[in-house]
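Hi everyone, thanks for coming along.

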Amino acid sequence: MGNISFDFTGKSVIVTGAARGIGRALAARFVADGATVFMVDFDRVELESAAREVGAVHIAADVGDTADVDRVVSTVAGETGRVDILINNAGILRDKVLWKLTDDDWDQVLRVHAGGTFRFIRACAPRFRVQQFGRVVNITSYTGLHGNRGQANYATAKAGIIGLTKTAAKELAAFGVTVNAISPNAATRMTASIPDERVADLTGPISRFADPSEMADAVAFLASEEAGYITGVVLPVDGGVSM
């Protein structure tokens, strides 16, 4: 963590896709800044280990299942009395050129990325409205704006998250809720298989993938009181690759 910190004391935070990578770094950042953090992931074993190390609560759940999502939000509200910050980070890949994509490849990626983001915002919205406060940060992608070979399903899902971010920002602003997104470019399990000769093309002028903790700094700012007048934006945290 860098020199800047934010005070999330007394705030409850949900982070999806939290067992590893960006999600784990996000959870660690909010714990360090005083929040009560609930880490959500489908991988129960890895999630439990990560939560112990981070010092957070773990809730195994499928973000594509409405009953699971409602259970997570009810659990958080039951334990803390409120739901303050929602970070939608969960995602999967089913990469193939579009003529080889199966219906299941398509449906599963949209179900987790766009569907999970929608389900969690919908579940949290009534509590945000009662509280007259809330912060939502969604994780989208450069691919959602520009496309990428072999990722028609992923690009569609991430583009949908951008549209959802802007719509939710307009609908929830009257209740003291901001909804923003970041477009990251961090070193994760998803980037580990990229050949060295392609890294320069994918990392922009800074010529490296970010550490996941660098994404956490941006997300913490958007979730903070200090960012209360920022809503509906998609912040590139990508080393300039989107320029």
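So, let's begin with the sheet: how many strands does it have, and in what order do they come? It is an open sheet of seven strands, and reading across it you meet β3, β2, β1, β4, β5, β6 and then β7, with parallel pairing. Before I go further, please keep in mind that this is a predicted model.

At the edges of the sheet sit β3 and β7, and each of these pairs on one side only. From one strand to the next, the twist averages 20 degrees.

Now let's look at β2, residues 36-41. On one side, strand β1, residues 12-16, is joined to β2 by five bridges, and the two run parallel. If you want a landmark there, find V13, which stands opposite V37 in β2. Turning to β3, four bridges join β2 to this strand, again running parallel. The landmark here is D41, standing opposite A60 in β3.

Why do we say that β2 is largely enclosed by the rest of the structure? Because five of its six residues are buried.

Let's move on to the helices.

Next, a pair of helices. Two packed helices are described by the angle between their axes and the distance between the axes. For helix α3, residues 66-80, and helix α4, residues 103-131, the axes come within 9 Å and cross at roughly 35 degrees. The crossing of α3 past α4 is right-handed. On the α3 side, the contact includes V69, V72, V73 and A77, while F120, A123 and C124 are among the α4 residues taking part. By class, this contact has seven nonpolar, two polar and four charged residues.

That brings me to charges. Side chains of opposite charge can pair when their charged atoms come close. How many salt bridges does a search of the whole structure find? It finds 10.

Let me start with R29. The side chain of R29 makes a salt bridge with D33, at 2.8 Å from N to O. R29 also meets D217 in a salt bridge, with an N to O distance of 2.4 Å.

Another salt bridge joins D62 and R111, whose closest N and O atoms are 2.6 Å apart. D62 lies in the loop between β3 and α3, and R111 in helix α4, so this pair ties together parts that are 49 residues apart in sequence. With a relative accessible area of 16%, D62 is buried, whereas R111, at 25%, counts as partly exposed. There is also a network: R20, D43 and E46 are joined by salt bridges that share partners.

How values were computed
Residues numbered from 1 in each chain as written. Predicted model: local features only at pLDDT ≥ 70, side-chain atom pairs only at ≥ 80, totals over all residues. Heavy atoms only, no water. Axes fitted to C-alpha atoms, helices over the stretch in contact; angles between N-to-C directions. Left-handed = near helix turned anticlockwise from the far one by under 90°. Contact = heavy atoms within 4.5 Å. Nonpolar A, V, L, I, M, F, W, Y, C, P; charged D, E, K, R; others polar. Salt bridge = Lys/Arg side-chain N within 4 Å of Asp/Glu carboxyl O. Buried < 20%, exposed > 50% of the residue type's maximum accessible area, 1.4 Å probe, protein only. Pairing = 2+ DSSP bridges.
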